[in-house]
Amino acid sequence: QPPDRALRRLLPLVDSLLARVDLLAIDLDEGVHAKHRIMRYHDFFVERVRPGERVLDVGCGRGELAYDLAEHGGAHVTAIDIDAKALAFARERFPSERLELIEADALAWVPPERYDAVVLSNVLEHIADRVGLLRRLVELARPERVLIRVPLLERDWLVGLRRDLGLPYFSDPTHETEYSPEQLDAELREAGLERTELEQRWGELWAVARPG
């Protein structure tokens, strides 16, 4: 069998196995994906908020990061997501007097107040109009800074191989895009933001941006 044909058959099997690994990694830590513990990426966000600040966590999912921003960062956190089941998990697993969880669509929800920081952790890549969302949040939430985490496109050589073979190469089929540093900078500039920090680890980009 030609190698290209064999690879087109094998790589979807790899995807199925990795999807199963993801589910088991969630079960391993009793509902929270083990990557939160292993990558310790919450630290990037927690270290960039100050006690008493108001933080808006957009697309908070199950609330893991929002809880750490509140309990370890000392912030007052408003966390929004459209997934009612994820929010129900967050309310049960991560209760905090400094954390408010709201079921809402970030593309329509109007912040009731100003926030010192807006957090977008693995959110932008799911949005078609990413610049529009960023502009909206900057205009309505009026943050001093925006803290961002997105997937890096060129995370390993298999991305290029999959592309050559005509196979899907994003790390998640729900992604609208995956990033290079240059693309992230371009979208931030178009949204009126200036990137002031950038870290690249674990196949991801973590950034801080401020309104220009």
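User: What should I know about the model before reading the values?

Analyst: The model is predicted, with local features needing pLDDT of at least 70 and side-chain atom pairs counted only at pLDDT 80 or more, while totals for chains, interfaces and linings use all residues. Residues are numbered from 1 along each chain as its sequence is written, and side-chain values use heavy atoms, leaving out hydrogens and water.

User: Why is α6 called oblique to α8?

Analyst: Helix α6 (residues 130–141) and helix α8 (residues 181–190) pack at an angle of about 50°, with their axes 9 Å apart. Angles under 35 degrees count as roughly parallel, over 145 as roughly antiparallel, 65 to 115 as roughly perpendicular and the rest as oblique, and therefore α6 is oblique to α8. The axes are lines fitted to C-alpha atoms, for helices over the stretch in contact, and the angles run from 0 to 180 degrees between N-to-C directions; the helices themselves are DSSP runs (H or I, at least four residues), numbered from the N terminus, as are the strands (E, at least two).

User: Which residues of α6 and α8 meet?

Analyst: Arg 130, Val 131, Leu 134 and Arg 135 in α6 meet Gln 183, Glu 187, Leu 188 and Glu 190 in α8, where contact means heavy atoms within 4.5 Å. The residues of this contact divide into three nonpolar, one polar and four charged, given that Ala, Val, Leu, Ile, Met, Phe, Trp, Tyr, Cys and Pro count as nonpolar, Asp, Glu, Lys and Arg as charged, and the others, Gly among them, as polar.

User: What makes α1 and α7 oblique to each other?

Analyst: The axes of helix α1 (residues 3–28) and helix α7 (residues 157–164) come within 11 Å and cross at roughly 130°, and α1 and α7 are therefore oblique to each other. On the α1 side Leu 7, Leu 11, Val 14 and Asp 15 meet Leu 158, Leu 161 and Arg 162 of α7, a contact with five nonpolar, no polar and two charged residues.

User: How do you know that the pair of Phe 44 and Phe 45 is edge-to-face?

Analyst: The structure holds six aromatic pairs. In the pair of Phe 44 and Phe 45, the rings lie 5.4 Å centre to centre with 85° between the planes, which is edge-to-face; rings of Phe, Tyr and Trp (its six-membered ring) pair if their centres lie within 6.5 Å, and planes under 30 degrees apart count as stacked, over 60 as edge-to-face and the rest as tilted. Phe 89 and Phe 94 also form an edge-to-face pair, at 6.3 Å centre to centre and 70° between the planes. Ring pairs link Tyr 41, Phe 44, Phe 45 and Trp 206 into a cluster.

User: Why does Phe 94 count as buried?

Analyst: Phe 94 has 12% relative accessibility and therefore counts as buried, since buried means under 20% relative accessible area, exposed over 50% and partly exposed in between (1.4 Å probe, protein chains only).

User: Why is Trp 202 called exposed, and why does Arg 142 count as partly exposed?

Analyst: Trp 202, in the loop between β6 (193–201) and β7 (204–211), is exposed because its relative accessible area is 51%. Arg 142, in the loop between α6 and β5 (145–151), counts as partly exposed because its relative accessibility is 48%.

User: What is the phi of Arg 142, and what is that of Trp 202?

Analyst: Phi is near 50° for Arg 142 and near 55° for Trp 202. Most residues other than glycine have a negative phi.
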